[in-house]
Amino acid sequence: MIRNPTPQRISLLTSAALSTVVCGILFFLHAPVLDFLSCLFLFFSLSYLTFLYALDVFIYRKIKIIYKNIHDFKVTKINRKNFQVDLDMDPIKRVNDEVMDWARNQSQEISFLKQQEVFRRDFLGNVSHELKTPVFSLQGYIETLLDGALYDETVNEVFLKKAAKSADRINSLVNDLLEISQLESGSVNLQMIKWDVCELTHEIFESLETQAVSNSVELTIKEGCDKPFMVMADREKIRQVLTNLTQNAINYGKNKGKVSIGFYDMDANILIEIADEGEGIAKEHLPRLFERFYRVDRSRSRDSGGTGLGLAIVKHIIEAHQQTINVRSTLRQGTTFGFTLAKAK
Ligand code: ADP
């Protein structure tokens with residue numbers, strides 16, 4: 001009764017308590033039994049009705065309004081059509097539950113927004129930091145050339161080439177940033193067609209041949225995999241994924257080592273794995289590897305012209321295909337990236 005107080009219960013308890021006091025007074029005054037009983041009955045009924053009325057008008061009706069407002073507010077966010085409030089059901093308990101619920105949701109929403117804010121700030125900081133270096137060196141070379149180096153045959157071409165390299169770096173960064181913002185906004189339309197992933201791999205190997213040779217890396221297709229594997233996906237987007245993963249495998253792989261690609265039939269999907277024999281990635285870095293601008297080896301990444309956005313773009317593309325990507329690595333043995341694509345029917 002005390003745990004679940006309705007207006008009736010509270011009025012009943014209070015009137016009973018007051019009637020006991022009145023009963024004591026009448027008993028003390030030696031009132032006749034009939035007067036005593038009728039007086040008690042009258043007092044109890046009157047006080048019960050008064051309390052009930054007061055509680056209902058001054059407290060419960062107001063609580064019901066608050067409760068209804070909270071509910072209405074929540075329902076506009078969910079589905080107003082299916083919403084009905086039973087105002088006669090234990091309003092205090094309901095208000096309590098609703099307020100607790102609301103507070104919990106609000107605090108979750110606030111911590112989510114705070115996290116987003118941190119991401120945004122970090123992202124802006126990273127973008128500025130990444131752009132700063134090539135912009136400064138571009139400015140430096142141009143100013144030196146304008147200050148007279150332009151007419152010095154021994155350095156002018158070198159400086160111009162270096163300035164062009166910085167401009168290329170800015171260009172790759174801006175392109176990757178544009179690409180990532182398009183992928184994140186969901187405005188990319190995938191051209192889902194049927195094609196052979198093994199054939200595309202041969203094309204990519206051809207285009208990366210020079211890079212592989214200059215890093216003394218051999219590009220191979222795993223034994224038994226050099227045959228058609230038909231998938232349903234956006235060919236150009238997957239070209240970008242395979243190129244990025246193969247380029248990474250060449251850059252971070254072992255000098256005079258191998259980069260091998262394998263295809264595996266996994267029922268509804270084809271699993272594609274790119275393995276290198278490089279230094280590998282320590283366990284603690286693996287969970288953050290697909291974050292924007294996350295780098296394990298900063299200087300090696302920059303030397304190879306990496307923007308630090310490649311894997312983030314790769315992950316977005318695979319997720320846009322509703323597929324998954326993962327990485328496993330053993331230090332001093334190598335790294336393997338694997339992703340799935342839907343098998344063509
Ligand atoms: P980047 O442009 O720096 O290559 P990515 O997003 O492609 O950017 O890769 C992020 C980081 O992950 C790289 O800087 C590198 O430290 C690490 N990484 C990626 N692929 C490999 C690999 N095959 N072996 C070792 N480290 C790798």
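In which helix do Glu117 and Arg120 both lie, and how many residues apart are they? Both belong to helix H3, three residues apart, about one turn of the helix. The model is predicted: local features need pLDDT of at least 70 and side-chain atom pairs count only at pLDDT 80 or more, while totals for chains, interfaces and linings use all residues. Residues are numbered from 1 along each chain as its sequence is written, and side-chain values use heavy atoms, with hydrogens and water left out.

**Salt bridges overall**
- The structure holds 16 salt bridges, each defined as a side-chain nitrogen of Lys or Arg within 4 Å of a carboxyl oxygen of Asp or Glu.
- A network of salt bridges links Glu199, Glu203, Arg235, Glu236 and Arg239.

- Helices are DSSP runs (H or I, at least four residues), numbered from the N terminus.
- Glu117 forms a salt bridge with Arg120, with the closest N and O atoms 3.7 Å apart.
- Glu117 also pairs with Arg121 in a salt bridge, where the closest N and O atoms are 3.9 Å apart.
- Arg121 and Glu117 are four residues apart in helix H3, and are therefore separated by about one helical turn.

**Arg104 and Asp101**
- A salt bridge joins Arg104 to Asp101, the closest N and O atoms being 3.8 Å apart.
- Both residues lie in helix H3 (residues 91-146), three residues apart.

**Accessibility**
- Buried means under 20% relative accessible area, exposed over 50%, and partly exposed in between (1.4 Å probe, protein chains only).
- Glu117 is partly exposed at 35%, as is Arg120 at 48%, whereas Arg121 is exposed at 52%.
- Arg104 is partly exposed at 43%, and Asp101 is partly exposed at 31%.

How values were computed
Helix = DSSP H or I, 4+ residues; strand = E, 2+ residues; numbered from the N terminus.
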